[in-house]
Amino acid sequence: MAMLQALGEEGLREIHRGRRYVVLRGWRQDGEPLVIKRVRTGPLATGSRAMLRHEYSLLRSLHGEVPGVARAVALQDDSSLLLEDAGPQNLQEWLGRRPVTMDAFLELALQLAGIIASLHQQHVIHRDI
């Protein structure tokens with residue numbers, strides 16, 4: 001919990017809210033950006049905590065094995081997963097800014113296909129892709 005307290009609630013910006021989790025962006029004192037995935041309170045919280053623990057262990061085992069997998073920084077109190085931040089914008093925002101050239105689209109598609117193939121080689125299937 002110390003790392004989350006050091007971040008301070010006022011420095012966090014919500015980037016996604018789902019049924020189970022709230023995803024926030026924040027910065028550590030050294031300026032490193034982090035993504036915080038927090039379990040939402042409510043009837044799904046117990047199952048969500050178990051899923052978050054599984055995600056943390058899975059990310060720890062895949063980091064270094066699969067290019068493009070975010071590094072899991074810490075699991076705090078079974079209710080918050082701290083991840084390295086892949087960047088200040090998400091794919092949907094990036095695609096919505098301007099038309100994407102065919103070359104850029106194909107490069108991105110190849111990178112994503114390579115990451116998914118590497119995940120499948122590790123016997124990981126993600127239903128949200």
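This report describes the sheet, the helix across it, the salt bridges and a surface patch of a predicted model.

Local features need pLDDT of at least 70 and side-chain atom pairs count only at pLDDT 80 or more, while totals for chains, interfaces and linings use all residues. Residues are numbered from 1 along each chain as its sequence is written, and side-chain values use heavy atoms, with hydrogens and water left out.

## The sheet

Five strands make an open sheet in the order S1-S2-S3-S5-S4, with antiparallel pairing. Strand S1 (13–17) and strand S4 (72–76) each have a single partner strand, so one side of each is left without a neighbour in the sheet. On average, neighbouring strands of this sheet are turned by 20 degrees against each other, direction ignored. Such angles run from 0 to 180 degrees between N-to-C directions, and axes are lines fitted to C-alpha atoms, for helices over the stretch in contact.

Two terms apply here. Helices (H or I, at least four residues) and strands (E, at least two) are DSSP runs, numbered from the N terminus. Two strands pair if DSSP finds at least two bridges between them.

The pairings, taken along the sheet:

| Strand pair | Bridges | Sense |
|---|---|---|
| S1 and S2 | four bridges | antiparallel |
| S2 and S3 | seven bridges | antiparallel |
| S3 and S5 | five bridges | antiparallel |
| S4 and S5 | four bridges | antiparallel |

His16 is partnered by Val23 in S2. Leu24 has Ile36 in S3 as its bridge partner.

S1 is joined to S2 by a hairpin of three residues. The hairpin of S2 and S3 has five residues between the strands, and Gly31 there takes a positive phi near 90 degrees.

How covered is strand S3 (residues 33–39)? Six of its seven residues are buried, so by the cut-off they have under 20% relative accessible area; exposed means over 50%, and partly exposed lies in between (1.4 Å probe, protein chains only). In a regular strand, side chains alternate between the two faces of the sheet.

## The helix across the sheet

Helix H2 (residues 45–62) lies across S2, S3, S4 and S5. H2 runs at about 150 degrees to S4. Contact means heavy atoms within 4.5 Å.

## Salt bridges

A salt bridge is a side-chain nitrogen of Lys or Arg within 4 Å of a carboxyl oxygen of Asp or Glu. By this rule the count is seven salt bridges.

Glu32 and Arg71 form one of them, at 3.2 Å from N to O. Glu32 lies in the loop between S2 and S3 and Arg71 in the loop between H2 and S4, so this pair ties together parts that are 39 residues apart in sequence. Glu32 is partly exposed, at 21% relative accessible area. Arg71 is also partly exposed, at 31%. Both residues belong to a network of salt bridges that links Arg28, Asp30, Glu32 and Arg71.

The side chains of Glu55 and Lys37 meet at 2.7 Å, N to O. Glu55 is in helix H2 and Lys37 in strand S3, 18 residues apart, and the pair links distant parts of the chain. Is Lys37 buried or exposed? Lys37 counts as buried because its relative accessibility is 17%. Glu55 counts as partly exposed, at 22%.

Arg53 forms a salt bridge with Asp78, the closest N and O atoms being 3.1 Å apart. Arg53 lies in helix H2 and Asp78 in the loop between S4 and S5, so the pair ties together parts that are 25 residues apart in sequence. Arg53 is partly exposed at 36% relative accessibility. Asp78 is partly exposed too, with a relative accessible area of 30%.

## A nonpolar patch

Which residues form a nonpolar patch on the surface? They are Leu91, Leu95 and Leu112, with about 240 Å² of accessible area together. Patches are made of residues with over 30% relative accessible area and no salt bridge; like charges are joined within 9 Å, nonpolar side chains (Val, Leu, Ile, Met, Phe, Trp, Tyr) within 5 Å. Accessible areas come from the Shrake-Rupley method with a 1.4 Å probe, and for residues only the protein chains shown count as cover.

Leu95 is found in helix H3 (residues 91–97). Leu95 is partly exposed, with a relative accessible area of 39%.
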